[in-house]
Amino acid sequence: MPELQVSWRRLGVLVSGRGSNLQALIAAIGRRELEATIAVVISNVPGVAALDHAAAAGIETLVLPHTGWPRREAYDEALAEALHARNVEVVCLAGFMRRLSSRFLEVFQGPVLNVHPSLLPAFPGLDSPGQAVAHGVKVAGCTVHLVTAELDAGPIVAQTAVPVLPGDTGETLAARILVEEHRLLPAAVARVVAGGWRIDGRRFVDA
């Protein structure tokens, strides 16, 4: 039987841009829909809006640029060490535009969650809404999954469907999916931090 996970409360959020999903997490914590604390927000890009949102909420921010490192794994080790130094137990990727290596997962060891704008396993990688429109699918959506070394392929925690409308472009579909991401991510994080779940093969299973 896979090990049953206990609860965690200290989050680290990794960002690279505007931070709308970060804002959704902050708002959910404020409404007590997510019983957790964001210990730090780390960006690999200086000057992004997400850092301003974190600072406005009184959350510690850290800029850790990914350029100039001798190897990819060295950056990921430093990132994991920065999270450990702040006693982070769960990591949320909220628009973090950099793929984490297996070395990060080995060093950090706790759950790492990502929100992706498709109904995985369909359309992994970049521009998933554009891929959905180009393929002519009738239903798209978003997925929160646990991060593994394989791109967008970890156990699925939660999903929400979004219809593809006539005349949709990748941009219009992405905007509607983002609204659902803002609902789905805090709810999925709340499930993970509460504990009482396990991984059975590729499946995220509630106790």
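Predicted model: local features only at pLDDT ≥ 70, side-chain atom pairs only at ≥ 80, totals over all residues.
1. Location of Phe-96. The residue lies in a loop, with strand S4 (90–93) on one side and helix H4 (102–108) on the other. Its relative accessibility is 8%, so Phe-96 counts as buried, the cut-off for that class being under 20%.

2. Surroundings of Phe-96. With residues up to four places away in sequence left out, Phe-96 touches Leu-14, Val-15, Ser-16, Asn-44, Tyr-75 and Leu-79. Val-63 is 33 residues from Phe-96 along the chain, and the two C-alpha atoms are separated by 12 Å.

3. Aromatic pairs. A pair of aromatic rings is described by the distance of the centres and the angle of the planes. With ring centres required to lie within 6.5 Å, the count comes to 3 aromatic pairs. Two of them are described below.

4. Trp-69 and Tyr-75. The ring centres of Trp-69 and Tyr-75 are 5.6 Å apart. Their planes stand at 80 degrees, so the pair is edge-to-face, a class that requires an angle over 60 degrees. Tyr-75 has a relative accessible area of 0% and is therefore buried, while Trp-69, at 33%, is partly exposed. Tyr-75 is also one of the residues that Phe-96 touches.

5. Trp-197 and Phe-204. Here the ring centres of Trp-197 and Phe-204 are 4.8 Å apart and the planes are at 25 degrees, so this pair is stacked; the limit for stacking is under 30 degrees. Trp-197 is buried, with a relative accessible area of 4%, and Phe-204 counts as buried at 11% relative accessibility.

Definitions and conventions. Residues numbered from 1 in each chain as written. Heavy atoms only, no water. Helix = DSSP H or I, 4+ residues; strand = E, 2+ residues; numbered from the N terminus. Buried < 20%, exposed > 50% of the residue type's maximum accessible area, 1.4 Å probe, protein only. Contact = heavy atoms within 4.5 Å. Phe/Tyr/Trp six-rings, centres within 6.5 Å; stacked < 30°, edge-to-face > 60°.
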